[in-house]
Amino acid sequence: MYSIKEAFYSLQGEGAHAGRPAIFCRFTGCNLWTGKEKHRATSQCQFCDTDFVGTDGQNGGKFHDADTLIAHLDTLWPENTQHKYLIFTGGEPALQLDDELIQAAKASSYTLAIETNGTLPLPVGIDWICVSPKTAEPLVVNGGSELKLIFPQQHLPPNLFTDLEFEHFYLQPMDQSALPAGQARIDDAQAQTIRYCLQNPQWRLSLQTHKMLGID
Ligand SMILES: C[S@@+](CC[C@H](N)C(=O)[O-])C[C@H]1O[C@@H](n2cnc3c(N)ncnc32)[C@H](O)[C@@H]1O
Ligand SMILES: Nc1nc2[nH]cc(C(=O)O)c2c(=O)[nH]1
Ligand code: SF4
Ligand SMILES: [Mg+2]
């Protein structure tokens, strides 16, 4: 059984594949936050910009098996076109993504990507692995396609990650616009991120372009 908060067809907004048409499959649930505002301030990840609770989003639901879920997602892809790209996100997709779902997606000709916090092991067969660290504990997924660090994060300086086996290193400014009124904020995350990249050119800037465009 797979629990899906929402699924939609849009452009990847972030990282090296920004601008690429993709189906997003957002799994319910995360191991670093319950998703409830009352737990945010005491959770391991406190700045999340996403609602991943329940199955009530667009095209969300519970799906009994992998073929049923992939058939459902496939209805979102434009008919008679190729370059099929499917991004597993969440919540934390590694809590639910398994070999069966990978195989079913591959059988439907998808190239597969994941957005993960890197704290849980991944099944094999994912074509593009984006890890976005949230804790200073050693990553379980310590290599992949892109490391996309939200910046700045207390206790998580970028140099903790520069020796890991990733092809691309991105810093993405922390969006604090949806945080509850009481929560402490970091001053001008975007300016700090620009400055850090300029001073440390191993790192490139990733912007959440979908938010600027007003698309999903
Ligand atoms: C909602 S998370 C879901 C996937 C996975 N749990 C993770 O954290 O990577 C998707 C992406 O959004 C990023 N993100 C979450 N909250 C953000 C924020 N407030 N500002 C910028 N990026 C954010 C995450 O770091 C991750 O790269
Ligand atoms: N357009 C768009 N790009 C994204 N890249 C990562 C996202 C995510 O929430 O995982 C996301 C998202 O929610 N929308
Ligand atoms: S790990 Fe990802 S999904 Fe979980 S709370 Fe943090 S940003 Fe949100
Ligand atoms: Mg998002």
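Biologist: Where does Gly91 sit in the chain?
Modeller: Gly91 is in the loop between strand 4 (85-89) and helix 3 (99-107). Helices (H or I, at least four residues) and strands (E, at least two) are DSSP runs, numbered from the N terminus.

Biologist: And which kind of peptide bond joins Gly90 and Gly91, cis or trans?
Modeller: Cis, with omega about 20°. Most peptide bonds are trans.

Biologist: What sort of model is this, and how is everything numbered?
Modeller: It's a predicted model, where local features need pLDDT of at least 70 and side-chain atom pairs count only at pLDDT 80 or more, while totals for chains, interfaces and linings use all residues. Residues are numbered from 1 along each chain as its sequence is written, and chains are lettered from A and ligands numbered from 1 in the order in which they are written.

Biologist: What is the mean pLDDT of the protein chain?
Modeller: The mean is 98, and 100% of the residues reach 70 or more. pLDDT is the predictor's confidence in each residue, from 0 to 100. For the complex, the predictor gives an ipTM of 0.99 and a pTM of 0.99.

Biologist: Back to cis bonds. What is omega for the peptide bond from Phe151 to Pro152?
Modeller: Near -10°, and that bond is cis. Pro152 lies in the loop between strand 7 and strand 8 (165-173).

Biologist: OK, ligands. Which residues come nearest to ligand 1?
Modeller: Asp49, Thr50, Glu115, Ser132 and Asp175, out of 18 residues around ligand 1. A residue is near a molecule or strand if its C-beta atom, placed from the backbone, lies within 6 Å of it.

Biologist: Which elements give two or more residues to that shell?
Modeller: Strand 5 (111-116) and strand 7 (143-151).

Biologist: How does the shell around ligand 1 divide by class?
Modeller: Five nonpolar, eight polar and five charged. Ala, Val, Leu, Ile, Met, Phe, Trp, Tyr, Cys and Pro count as nonpolar, Asp, Glu, Lys and Arg as charged, and the others, Gly among them, as polar.

Biologist: Which residues surround ligand 2?
Modeller: Ser10, Leu11, Gln12, Gly13, Glu14, Phe24, Thr50, Thr89, Glu115, His210 and Asp216. By class, the shell of ligand 2 has two nonpolar, six polar and three charged residues.

Biologist: And which are around ligand 3?
Modeller: Cys30, Leu32, Trp33, Cys45, Cys48, Thr50, Phe52, Gly90, Gly91, Glu92, Asn117 and Lys134.

Biologist: What does UniProt list Thr50 for?
Modeller: An unreviewed UniProt entry has Thr50 down for "binding site". UniProt positions are given in the numbering used here, feature names are shortened, and annotations may be inferred rather than shown by experiment. Thr50 sits in the loop between helix 1 (37-40) and strand 3 (61-63).

Biologist: How many other C-beta atoms does Thr50 have within 10 Å?
Modeller: 15, so Thr50 is partly exposed. A residue is buried if 20 or more other C-beta atoms lie within 10 Å of its own, exposed if 12 or fewer, and partly exposed in between, with C-beta atoms placed from the backbone. Across the 216 residues of the protein chain, 33% count as buried.

Biologist: Switching to the fold. How many helices and strands does the protein chain have?
Modeller: Five helices and nine strands. From the N terminus the order is β-β-α-β-α-β-α-β-β-β-β-α-β-α. The radius of gyration of the protein chain is 17 Å, close to the 17 Å the globule rule gives for 216 residues, so it is as compact as a globular protein of that length. That radius is taken over C-alpha atoms, and the rule is 2.2 Å times the number of residues to the power 0.38. The C-alpha trace spans about 45 × 35 × 35 Å along its principal axes.

Biologist: Last topic, phi. What is phi of Ser109?
Modeller: Near 70°, a positive value in a residue other than glycine. Ser109 is in the loop between helix 3 and strand 5, and is exposed, with 12 other C-beta atoms within 10 Å.

Biologist: And what is phi of Asp188?
Modeller: Near 45°, also positive. Asp188 lies in the loop between strand 8 and helix 4 (189-199), and counts as exposed with 11 C-beta neighbours inside 10 Å.
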